[in-house]
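Please have a look at the sequence and model first.

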Amino acid sequence: MKEEALYIVIAKAIEQQIRNNVLKIGDKLPSIRTVKREYGVSMNTATRAFFELERKALIESRPQSGFYVSRHSRSRLPVPTTSNPSVLSHQEQAENLIDKVYRSLNDTSITRFSIGVPANELLPIAKLNKSLLQATRTLDGSGTAYEEIQGNFKLRRNIARWSFTWGGMLTADDLVTTAGAMNALSYCMMALAKKGDTIAVESPVYFGILQLAKSLGLEVLEIPTHPITGMELDALRKVLPSIKLCLVVSNFNNPLGSCMPEENKKELVNMLSEHEIPLIEDDLYGDVYFGENRPKPCKAFDKKGLVLWCGSVSKTLAPGYRVGWVAPGKFKEQVIRLKLLHAVSSTTLTQEVIGDFLENGRYEAHLRKMRRTLQANSLHFTRAIHDYFPEETRVSRPQGGFVLWVELNPNLNVPLLYDQAMRQKISIAPGRMFTLQNQFNNCMRLSYGLQWSDELEKKLAMLGSIAKKMIR
């Protein structure tokens with residue numbers, strides 16, 4: 001038995017005891033150290049076994065007490081329904097709602113379940129600061145000089161090296177650096193389409209993508225999307241003759257948390273390639289996975305250079321550094337020309353720092369810790385939603401990323417819930433923000449990229465209480 005599979009063996013043994021009532025609801029489990037000793041495994045293996053049991057909602061952790069058989073071990077909240085956007089629906093951006101949610105961004109008194117980025121406590125800020133000082137000492141002009149148009153070579157080289165985690169065969173010359181992932185998506189859309197062209201996207205999808213597409217004069221076609229497996233490929237196939245390009249958030253979609261299975265990614269790439277339709281892939285969350293391995297992006301199956309793979313460290317390392325990239329395939333020269341026109345150069349210092357962080361192994365060490373924290377957070381949130389939210393609530397099951405998609409009673413108006421929650425200093429992201437159609441008004445996105453605490457649980461309980469009162 002391979003070491004990496006031992007945690008599954010241990011988790012299954014404990015699960016069997018729970019299923020057979022050897023361990024009953026409310027019983028305390030042996031400590032992680034006890035499991036480590038009894039099974040003769042590492043602390044990491046024992047910890048992962050407990051995470052696997054938490055992921056299945058079989059056990060729950062109690063601060064400073066240990067792990068217990070969950071009272072939900074025989075019941076789980078259902079997942080949200082597959083979206084069903086209308087092809088003929090009138091389109092309207094929820095700009096006023098988006099502005100309202102983001103207007104008070106710097107108010108530290110607000111509990112922000114609405115922002116899909118990691119809290120400062122989860123970031124290696126002190127190490128980044130040291131790298132920043134080092135970069136000012138080593139770079140030409142202490143980082144004041146222009147970078148080459150394609151971007152910092154150290155950064156591009158290490159992104160290419162990092163692509164081995166998903167079987168990528170990229171080189172530094174395949175990449176162009178950008179000011180974050182949205183900047184990369186912007187260059188891609190401008191390179192591939194003109195005003196009036198149609199772009200197919202998931203539904204729901206990150207509101208920034210919708211705003212960007214509309215600002216460029218593109219027609220947006222929202223495709224039905226499953227909360228676990230992502231874009232429904234049969235629905236996409238029917239509209240292929242009418243689209244110019246396609247965009248997917250393939251791994252841990254924002255806001256659904258869905259992750260397209262590998263066979264679906266292959267099918268998507270092949271389907272689009274047959275029609276010479278480019279695919280813009282936003283793989284911003286791919287490194288924040290909870291399983292054994294990083295899920296491959298669609299780029300791994302690209303044979304014609306039609307997949308433009310976009311990424312960033314904005315969700316994993318340094319949101320404010322605005323360091324992103326794109327591997328544009330056959331469209332590289334168009335993207336470089338757009339970058340020259342719109343930016344001339346990327347920020348020298350921040351690119352050098354991130355390149356250095358990737359090169360010296362600190363990124364992977366940071367990610368291992370962050371993944372464990374986020375996986376535990378997602379389980380805390382799911383359990384709290386089960387405990388405090390209305391009975392008809394549905395919640396997504398992300399296996400990575402930062403966000404949960406919560407579907408409430410069809411009669412509950414989440415934009416109104418937002419207003420009431422804000423009176424209690426609680427901010428959420430209403431589902432209507434993530435579509436151009438009149439849908440998802442009973443849904444919300446909650447970010448679990450926060451430091452879990454008793455206070456956070458109280459805020460979720462308060463949010464659930466407000467929702468219950470609105471349904472009555």
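## Contacts along the chain

Among contacts (heavy atoms within 4.5 Å) between residues at least 6 apart in sequence, 74% link residues at least 24 apart. This is a predicted model, in which local features need pLDDT of at least 70 and side-chain atom pairs count only at pLDDT 80 or more, while totals for chains, interfaces and linings use all residues. Residues are numbered from 1 along each chain as its sequence is written, and side-chain values use heavy atoms, leaving out hydrogens and water.

## Overall build

The chain holds 15 helices and 16 strands, taken as DSSP runs (helices H or I, at least four residues; strands E, at least two) and numbered from the N terminus. Its radius of gyration, over C-alpha atoms, is 23 Å, close to the 23 Å that the globule rule (2.2 Å times the number of residues to the power 0.38) gives for 472 residues, so the chain is as compact as a globular protein of that length.

The C-alpha trace spans about 65 × 50 × 45 Å along its principal axes. Of the 472 residues, 57% are buried, that is, under 20% relative accessible area with a 1.4 Å probe, protein chains only; exposed means over 50%, and partly exposed lies in between.

## A closer look at helix α4

Which residues of α4 are buried? In this helix, residues 95-103, they are L97, I98 and V101. Seen down the axis, the directions to their C-beta atoms fall within an arc of 100°, so these buried residues line one face of α4. N96 and R103, on the other side of α4, are exposed.

The cover over the buried residues of α4 includes β3 (111-112), α8 (207-215) and α14 (414-422), along with β14 (426-427) and β15 (429-430).
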